[in-house]
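Please go through the briefing below with the sequence and the model side by side. It begins with a charged network and then widens to the chain as a whole.

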Amino acid sequence: MAKSLYETLEISENAPADEIKKAYRKLARKYHPDVNKDPSAEEKFKEINAAYEVLSNPEKKQQYDQHGDAMFGGQNFHDFARGQGQNVDLDEILRQMFGGGGGFNRSGFSQGGFGGFGGFSEPDLDTNAQVTIAFDVAILGGKQHITLNNDSFDVKIPEGIEDGQKIRAKGKGKSYQGQKGDLILKINVATSSEYTRDGDTLNKYFDLPLKTALFGGKVEIQTIHKSITLKVPQNTKQNQKFRVKELGVLNRKTGVKGDLYLKANIVLPKIEDLDKELVKVLQDKLPEN
């Protein structure tokens, strides 16, 4: 029995879950359109994601292992995927094919919810909701507590998630005849008083004493990831930028972290706090222009 989804991920049919995940990550990095500029890379990337959608889910994998490529009308997965057209969500098509309890009849065609083969349609058990998370949690990842429909649970927030993106909480949707749908959660990211985000880049102002700005020195700065010591040169200007590599935001597609840009905010001392003789010298010697 042909099982071309395994060929798509370049693994054997007996591959364990960790090997499936490892193969997916390797191929996803290789064929991601932001990395691979070959015209066929985007199509390959979609196929890899769709194959992983099935093989990473124990129930869908068991169903596929039982029926193989009969689920695609006897075609291998590559030909099936190409036949769906360029602007089709393969993941969604496979979710419909493998979802619900329709099962398969002897001809190999699904009895529920795909391509007009069915004798009935499965109820939509997914639930849509949204939640606002702290800026730091969006950058670093973590857990968010959710209370929905008299149920309380924690949802894992992946590192680097962006405002408006959605995550899926398995089995947290509606229930029907022993089946449970998923919770589709739209993420709203709260603003930060310290940082602004531009894609994978973070920006932050830091206070810089006038003396250090004039004569140079080192400043301790607490960033969102860790505490660092920043060396600033003489004659540092207001709003001058300093780049700190890989202390920005994780790009979830490429696995690479962006950079942090620190902007100097020069803090001027109060005249009344300065030595009177120094004030007199400054009044006499500082240039007016």
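D126 is partly exposed, with a relative accessible area of 27%, where partly exposed lies between buried (under 20% relative accessible area) and exposed (over 50%), judged with a 1.4 Å probe and protein chains only. This is a predicted model, in which local features need pLDDT of at least 70 and side-chain atom pairs count only at pLDDT 80 or more, while totals for chains, interfaces and linings use all residues. Residues are numbered from 1 along each chain as its sequence is written, and side-chain values use heavy atoms, with hydrogens and water left out.

**Salt bridges**

- D126 forms a salt bridge with R168, with the closest N and O atoms 3.6 Å apart; a salt bridge here is a side-chain nitrogen of Lys or Arg within 4 Å of a carboxyl oxygen of Asp or Glu.
- That pair links distant parts of the chain, since D126 sits in the loop between α6 (90–98) and β1 (127–133) and R168 in strand β4 (residues 166–169), 42 residues apart; helices (H or I, at least four residues) and strands (E, at least two) are DSSP runs, numbered from the N terminus.
- R168, partly exposed at 34% relative accessibility, also meets the side chain of D182 in a salt bridge of 2.9 Å, N to O.
- Because R168 lies in strand β4 and D182 in the loop between β6 (179–180) and β7 (183–189), this pair ties together parts that are 14 residues apart in sequence; D182 is buried, with a relative accessible area of 12%.
- K204 and E194 form another salt bridge, with the closest N and O atoms 2.5 Å apart, which connects strand β9 (residues 201–209), where K204 lies, to the loop between β7 and β8 (195–198), where E194 lies, 10 residues apart.
- K204 counts as buried at 8% relative accessibility, whereas E194 is partly exposed, with a relative accessible area of 46%.
- Salt bridges that share partners join D126, R168, K170 and D182 into one network, and the count for the model comes to 11 salt bridges.

**A buried lysine without a partner**

- K263, placed in strand β13 (residues 260–267), is buried yet has no salt bridge, and the nearest side chain of opposite charge, D198, is 9.3 Å away.
- Leaving aside residues up to four places away in sequence, K263 touches N203, K204, Y205, F206, N239, Q240 and K241, contact meaning heavy atoms within 4.5 Å.

**Surface patches**

- K21, R25, R29 and K156 form a positive surface patch, for which residues need over 30% relative accessible area and no salt bridge, like charges being joined within 9 Å and nonpolar side chains (Val, Leu, Ile, Met, Phe, Trp, Tyr) within 5 Å.
- Helix α2 (residues 17–31) gives the most to the positive patch, with 3 residues.
- A nonpolar surface patch consists of L278, V281, L282 and L286, with about 320 Å² of accessible area together, areas coming from the Shrake-Rupley method with a 1.4 Å probe and, for residues, with only the protein chains shown counting as cover.

**Positive phi**

- E10, in the loop between α1 (4–8) and α2, has a phi near 60°, a positive value in a residue other than glycine.
- E246, in the loop between β12 (241–244) and β13, likewise has a phi near 60°.

**The chain as a whole**

- The chain has 9 helices and 13 strands, and 37% of its 289 residues count as buried.
- Residues 24 or more positions apart account for 50% of the contacts with a separation of 6 or more.

Note on methods:
Lys, Arg positive; Asp, Glu negative; His and termini not counted. Charge placed at Lys NZ, Arg CZ, Asp CG, Glu CD.
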